[in-house]
Amino acid sequence: MALDAATVVQQLPQIEALCERLYISQVQEERVKVEEMLRVFSLSADQVANCKAILDNSKSAYAQILATSSLLKIVTDHNLSLEVKKEMRNYFLHYLDRQGPSLEPFVVTSLVQLVCRLTKLTWFQDEQFTRLVDDSRTFLEKGSSGASQGHYLLGLRILNLLVTEMNQPTTGRTLTQHRKLAVAFRDNALLKVFQLALGSVRTLAPPAQCSSKLQEQAIGLALACLSFDFFGTCMDDSSEDLSTIQVPGSWRSLVEDPSTLQLFLDFYRGTEPPLSNQALECLVRLASVRRSLFTDEAARSRFLAQLVGGSLEILQGQLGLAEHANYHEFCRLLGRLKTNYQLSELVALDSYSQWIQLVAELTVNSLKSWQWASSSVYYLLGLWSRLVSSMPYLKGDGPSMLETFVPKITEAYVASRMESVPALLQDQGMEDPLDSPEQLHDQLESLSFLCRFQYEGFSEYVCGLMDPILGTYTQALSAP
């Protein structure tokens, strides 16, 4: 049916009732029928004015979410003139400024996604659309002045969704178009966003009195920036197989600045999951930045020393490691330290002997606590296997101390798996660490390097365990 803005306003009570049925009805058939009736609002560009009429006149969150989701579909699927897009952009930013703090969170999310999608699709059409980062800064400034924490939260949400939107392909756009846009956003706006993220994390870090939602958005924004697809090829930068992150050269001074690493270390110490493990995840990303980013080897060594020093403090005080999310992410951080740095660089650090001893203790305890730390063992064994593999290339007089700790780790692995058998027989509801072929393969692949490191001693240890068991098994076979 044909609708205009005046008709929509007149029929608003009926539209609101339909929207409520659409989103809260438990009857599938009813929802399908109502959805078909309301689908008219997303069918053509002519419905933009009608959706705006709903936003301007309705207080129903369900009607608002219908309008924003319909507009998102229109913006994505239909060709709109540049003037219409400009008008929509200004309207939605003004609407968020005026109404955003009082709207339901899911409505705000939909509105912000709409603004970010519009920005993405028109990035190359007009310079005005590249200024969304500056518009977000205005929200942050309004919030930080004490006028409204809601505006600060809005600014962070806009930046978060903007980075997410720019980092993923949009239906109907080619990979080439996505790559061109992602690279342009990376070169012209991402560093500004990361700087705003760092400023927000610093402002909102404990003991600042603020809501956890603000802290979550701030640390999430920093992580989103560090997780950006810097190549624009839709590669998964979080993959463990990807050893380095191709941070642009313009980020050099920010990454080398000791206050950047310290900010995330302090934020980790002052928070709990999910905030603390996200701070650790940011450190994992920073530990993976490309070698060529640093000014020289001295700058890189200082960066590594601060990373190792921070992890050493966590190990010494067991800071936050009782939380499983923190523990797992911390093991990932340890694994990344060897992925991106040479054994000789680690050994050259003043804190190496303390650090390697505590990492060995953590590994042994993780192996013994196989029920609790099973998913984290992969990163620790990977760390030790890479350390052992680097021994032939170790130069200098500094002791690696691997000869002391590697045998303890291999023995702890075997002993813990042997001890799991009677425990599982007593409680068959427990998760069997030997019952996951994929996990077992990953662990044994790393363990093989450790076993060969001191093969003779490990062989004697295994034979000492197996010979009595084999004798008992032989006797059992020969019994009546």
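## Helices H19 and H21

H19 passes H21 in a left-handed crossing (the near helix is turned anticlockwise from the far one by less than a right angle). Helices here are DSSP runs of H or I with at least four residues, numbered from the N terminus. The model is predicted: local features need pLDDT of at least 70, side-chain atom pairs count only at pLDDT 80 or more, and totals for chains, interfaces and linings use all residues. Residues are numbered from 1 along each chain as its sequence is written, and side-chain values use heavy atoms, without hydrogens and water.

The axes of H19 (residues 377-389) and H21 (residues 437-453) come within 8 Å and cross at roughly 35 degrees; axes are lines fitted to C-alpha atoms over the stretch in contact, with angles from 0 to 180 degrees between N-to-C directions. Contact (heavy atoms within 4.5 Å) involves residues including Leu381 and Trp384 of H19 and Phe449 and Leu450 of H21. The contact residues comprise 8 nonpolar, 5 polar and 1 charged (nonpolar: Ala, Val, Leu, Ile, Met, Phe, Trp, Tyr, Cys and Pro; charged: Asp, Glu, Lys and Arg; polar: the others, Gly among them).

## Helices H9 and H10

H9 (residues 149-166) and H10 (residues 175-204) pack at an angle of about 150 degrees, with axes 9 Å apart. H9 is therefore roughly antiparallel to H10 (angles over 145 degrees count as such). H9 also passes H10 in a left-handed crossing.

Among the residues in contact are Leu156 and Leu159 of H9 and Phe185 and Val193 of H10. By class, this contact has 13 nonpolar, 3 polar and no charged residues.

Notes
Helix = DSSP H or I, 4+ residues; strand = E, 2+ residues; numbered from the N terminus. Parallel < 35°, antiparallel > 145°, perpendicular 65-115°, else oblique.
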